[in-house]
Amino acid sequence: GCRNMYNRYMLSKITMMTVLSDNPYLRWILKNQHGIVSRDVFGMLAYAVPEDNMKTPPLFASYNIACRVNWRSSWDDNASGVWIRGCNENDFHSHHDWGHVNFISHGKMVLIEAGTPGYGDPLFDTEFASLKGHNVLQVGSNIFGLKRQTAPIKIDKLDNDGGNVTVDASACYKDVEMWKRNVVWNVNEVVVKDRVILDSAKKD
């Protein structure tokens, strides 16, 4: 919402979902993050919601189905933020990003994925959706992982001060027996440690 990424295409759906769900977090996000509503009946209804029916969303959460951890220090534009990606076997839409870590330090991008210029871009598969577009493990010249595997996230700490989580992405990448990525962070820094064991058949 802050980057206006979805406002052009999704604003009407976001506004409609906010009104129909009657969710106090969505009401706050629509007003404070998006800042505008769609120009339709749902937009008028959204404007009619009193501010005392809004609630500031929590600063961190983990999602089992999406297999993600999201954290931010505040809702200010100069906040620090982290998100970490795992993989669920039922994940129907994903790029080769299992184990990816995103870190924004006081509003400035430090670790970031390449993003998506558009699915029709001729370089989309090799330069953006592949391992090249994410800060994940690459063994040799192989730039693609194995889809529809699991990469569970173990959470040892997740609170207002930061977090300590480990992603086991061993099953998602070729030529690897084990790859566990531990991520520890606070508002000022992130420390990423990888423990890797190559496939014994590939050690030659």
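Which element gives the largest share of the lining of the second largest pocket? In this predicted model, that share, three residues, comes from H2, with helices and strands taken as DSSP runs numbered from the N terminus (H or I, at least four residues, for helices; E, at least two, for strands). Residues are numbered from 1 along each chain as its sequence is written. Local features need pLDDT of at least 70 and side-chain atom pairs pLDDT 80 or more, while totals for chains, interfaces and linings use all residues, and side-chain values use heavy atoms, without hydrogens and water.

The second largest pocket holds about 190 Å³ of space. A pocket here is an open set of points on a 1 Å grid over the protein atoms alone, with protein on both sides within 12 Å along at least five of seven lines, whereas a cavity is a set of points where a 1.4 Å probe fits but cannot get out; lining residues have an atom within 4 Å of a point. Among the residues lining this pocket are Arg 27, Leu 30, Lys 31, Gly 35, Ala 46 and Tyr 47. Helix H2 (24–34) and helix H3 (41–47) are the elements that give two or more residues to the lining. By class, the lining of the second largest pocket has seven nonpolar, two polar and three charged residues.

Helix H2 itself deserves a look. At its start, a side-chain oxygen of Asn 23 comes to within 2.8 Å of the backbone nitrogen of Tyr 25. After H2 comes Gly 35, with a positive phi near 80°.

The structure also holds one cavity of 30 Å³ or more. Leu 131, Leu 137, Gln 138, Val 139, Asn 142, Tyr 173 and Lys 174 line the largest cavity, which divides into four nonpolar, two polar and one charged residue.

Strand E4 (residues 101–105) runs antiparallel to strand E5 (residues 108–111), joined by three bridges; strands pair if DSSP finds at least two bridges between them. Ile 104 stands opposite Met 109 in E5. Two residues lie between the strands of this hairpin, where His 106 takes a positive phi near 50°.

Definitions and conventions:
Points joined across faces, edges and corners; volume = space filled by probe spheres on them. Nonpolar A, V, L, I, M, F, W, Y, C, P; charged D, E, K, R; others polar. Polar contact = N/O pair within 3.5 Å; in protein donor to acceptor, adjacent residues only side chain to side chain.
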